[in-house]
Amino acid sequence: MFSKSANYYDEIYTSMGKDYPKEANKMYKLIQKYLKSGGETLLDVACGTGHHVGLLGKYYRVEGLDLDSNMLSIARKKYPEIRFHKGDMINFRLNKNFDAVICLFSSIGYVKTKSNLNKTIQTMTQHLLPGGVMLIEPWFSPNQWRTGGVFTVHVNKPDLKITRMSHSSRKGNISILNFQYLVGTSKGIQYSAEQHQLGLFTKKDYLEAFRKAGLKVIHDTNGLDGRGLYIGIKPLDKK
């Protein structure tokens with residue numbers, strides 16, 4: 001996934017204007033609006049470098065989980081007081097439950113298939129306390145995805161220059177992003193490439209996955225930054 005670019009992940013998305021504090025504040029308000037479990041624990045699934053969960057730590061007792069070892073290494077250095085787990089969102093087992101479980105920045109797309117989407121929502125639900133809240137930020141739907149797009153992002157700091165170019169394609173209901181990076185530092189210029197494949201799920205796919213897991217589900221069309229948001233609420237009588 002982001003193994004080759006993990007060290008520059010935060011720099012790239014900061015340069016793109018991603019407002020993590022604003023998103024964390026929105027999440028807090030949404031969670032508190034629907035939360036009935038009465039506690040203050042939160043798990044960030046696919047937490048990446050830990051930016052969101054680090055900010056949410058002022059509201060909750062937080063933990064993070066990710067599959068990418070390089071991302072986790074960065075998160076642990078940034079937030080040594082937070083416990084981070086290595087695990088696959090499809091089938092992780094932590095032997096504990098949380099008042100809130102979140103999965104942001106369209107990371108859910110990495111499960112690729114509808115079957116895995118159902119398994120993933122079920123796994124997250126199993127880690128949610130009765131009355132708890134789940135927030136899932138979706139990836140593009142099949143109708144939204146456009147192939148042949150070419151995009152560039154630049155980081156321009158005195159001691160760091162980054163250019164990331166991406167190209168979009170598609171195979172069935174899998175979206176494909178090919179990233180190429182040029183990273184310039186005082187040590188020289190490095191080149192690397194990554195391919196990311198994410199499943200294209202419909203609104204119906206998401207709603208069915210939440211309902212199969214026994215959750216009440218609300219679809220917020222705007223969400224945190226325009227991507228939309230699925231809000232799942234676990235009934236108080238669900239164990």
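**Patch, cysteines and hairpins**

Leu182, Ile189 and Tyr191 form a nonpolar surface patch with about 360 Å² of accessible area together. This is a predicted model, where local features need pLDDT of at least 70, side-chain atom pairs count only at pLDDT 80 or more, and totals for chains, interfaces and linings use all residues. Residues are numbered from 1 along each chain as its sequence is written, and side-chain values use heavy atoms, with hydrogens and water left out.

Reader: Why is Leu182 called partly exposed?
Author: Buried means under 20% relative accessible area, exposed over 50%, and partly exposed in between (1.4 Å probe, protein chains only). Leu182 has 44% relative accessibility, so Leu182 counts as partly exposed.

Reader: Why does Cys47 count as buried?
Author: Its relative accessibility is 8%, so Cys47 counts as buried.

Reader: What makes Cys103 buried?
Author: The relative accessible area of Cys103 is 0%, so Cys103 is buried.

Reader: How do you know that S6 and S7 pair?
Author: Two strands pair if DSSP finds at least two bridges between them. Strands are DSSP runs (E, at least two residues), numbered from the N terminus. S6 (residues 150-157) and S7 (residues 160-171) have eight bridges, in the antiparallel sense. Lys157 stands opposite Leu160 in S7.

Reader: What joins S7 to S8?
Author: Eleven bridges do, and the strands run antiparallel. S7 and S8 form a hairpin with two residues between them. Gly172 in the turn has a positive phi of about 60°.

Notes: Patches are made of residues with over 30% relative accessible area and no salt bridge: like charges are joined within 9 Å, nonpolar side chains (Val, Leu, Ile, Met, Phe, Trp, Tyr) within 5 Å. Accessible areas come from the Shrake-Rupley method with a 1.4 Å probe; for residues, only the protein chains shown count as cover. A salt bridge is a side-chain nitrogen of Lys or Arg within 4 Å of a carboxyl oxygen of Asp or Glu. Helices (H or I, at least four residues) and strands (E, at least two) are DSSP runs, numbered from the N terminus.
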